[in-house]
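Subject: Structure handover

Hi,

Here is the structure for you to look at.

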Amino acid sequence: MKFTDDVPIYRQIEQYIAGEIISGRIQPGQQLPSVRQLALQFSVNTNTVQRALREMIIENILESRRGRGNFVTTDQDVIETQRQKLINQSLVAMYSQLHALNISDAKIKECLDDFLIKRRSENGKHDRTKKCLL
């Protein structure tokens, strides 16, 4: 995993683990690797991993079981809340980038609609008669 300078590393680890949970690659109720194993996986200090996990425990995404480790919550409402949070963060980032380029809301919507049509097409072919060439 490559880290960026604009977000603290522990937050990036949180986001990565949350993404793995939301995508289903880490299942509800599944035990996470130990702090040491995660620190080795991410090539970071154990304190950094511990901070990320502590934040996720506070948000009820993870459950800490004394002597057994950290487990993903089985509460689907918590997981769905995290999914919505990730969607909103992604949309805000995309909107901010496009708005900074002076692209209107209408044009953003047109391009997003065009993009989704392209993504849904079975054979990957797309009518490029619209103004958004994606």
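A cavity here is a set of grid points where a 1.4 Å probe fits but cannot get out, and a lining residue has an atom within 4 Å of such a point. Keep in mind that this is a predicted model.

**Cavity**

How many cavities of 30 Å³ or more does the structure hold? The count is 1. The largest cavity has a volume of about 30 Å³. Its lining consists of Ala18, Ile21, Ile22, Ile61, Ile79 and Gln82. Two elements, α1 and α4, each give two or more residues to that lining. The largest share comes from α1, with 3 residues. By class, the lining has 5 nonpolar residues, 1 polar residue and no charged ones.

The largest pocket has a volume of about 200 Å³. Its lining takes in Arg11, Glu14, Gln15, Ala18, Ile22, Met56, Glu59, Ile61, Gln82, Lys85, Leu86 and Gln89. Again, α1 and α4 are the elements that give two or more residues. The most come from α1, which gives 5. The pocket lining divides into 5 nonpolar, 3 polar and 4 charged residues. Ala18, Ile22, Ile61 and Gln82 are on both lists, cavity and pocket.

**Core**

Nonpolar side chains tend to be buried together in soluble globular proteins. The largest nonpolar core in this model has 21 residues. Which of them touch the most other members? They are Ile21, Val49 and Leu53. At least two core residues come from each of α1 (9-23), α2 (35-42), α3 (46-58) and α4 (76-100). The most come from α1, with 5 residues.

Ile21 also lines the largest cavity. Leaving aside neighbours within four places in sequence, Ile21 is in contact with Ile26, Met56, Ile61, Leu62, Val72 and Ile79. Ile61 and Ile79 are cavity-lining residues too.

**Helix α2**

Four residues of α2 are buried: Val35, Leu38, Ala39 and Phe42. They sit on the same side of α2, because they cover an arc of only 105 degrees around the axis. An α-helix has 3.6 residues a turn, so residues three or four places apart point the same way. What covers the buried residues of α2 includes α1 and α3. The face turned away from the buried side carries Arg36 and Leu40, which are exposed. After α2 comes Ser43, with a positive phi near 55 degrees.

Best regards

Note on methods:
Residues are numbered from 1 along each chain as its sequence is written. This is a predicted model: local features need pLDDT of at least 70, side-chain atom pairs count only at pLDDT 80 or more; totals for chains, interfaces and linings use all residues. Side-chain values use heavy atoms; hydrogens and water are left out. A nonpolar core is a set of buried Ala, Val, Leu, Ile, Met, Phe, Trp, Tyr and Cys residues joined through side-chain atoms within 4.5 Å. Buried means under 20% relative accessible area, exposed over 50%, partly exposed in between (1.4 Å probe, protein chains only). Contact means heavy atoms within 4.5 Å. The arc is that of the directions from the helix axis to the C-beta atoms. On a 1 Å grid over the protein atoms alone, a cavity is a set of points where a 1.4 Å probe fits but cannot get out, and a pocket is an open set with protein on both sides within 12 Å along at least five of seven lines; lining residues have an atom within 4 Å of a point. Grid points are joined across faces, edges and corners, and a volume is the space filled by probe spheres set on the points. Ala, Val, Leu, Ile, Met, Phe, Trp, Tyr, Cys and Pro count as nonpolar, Asp, Glu, Lys and Arg as charged, and the others, Gly among them, as polar.
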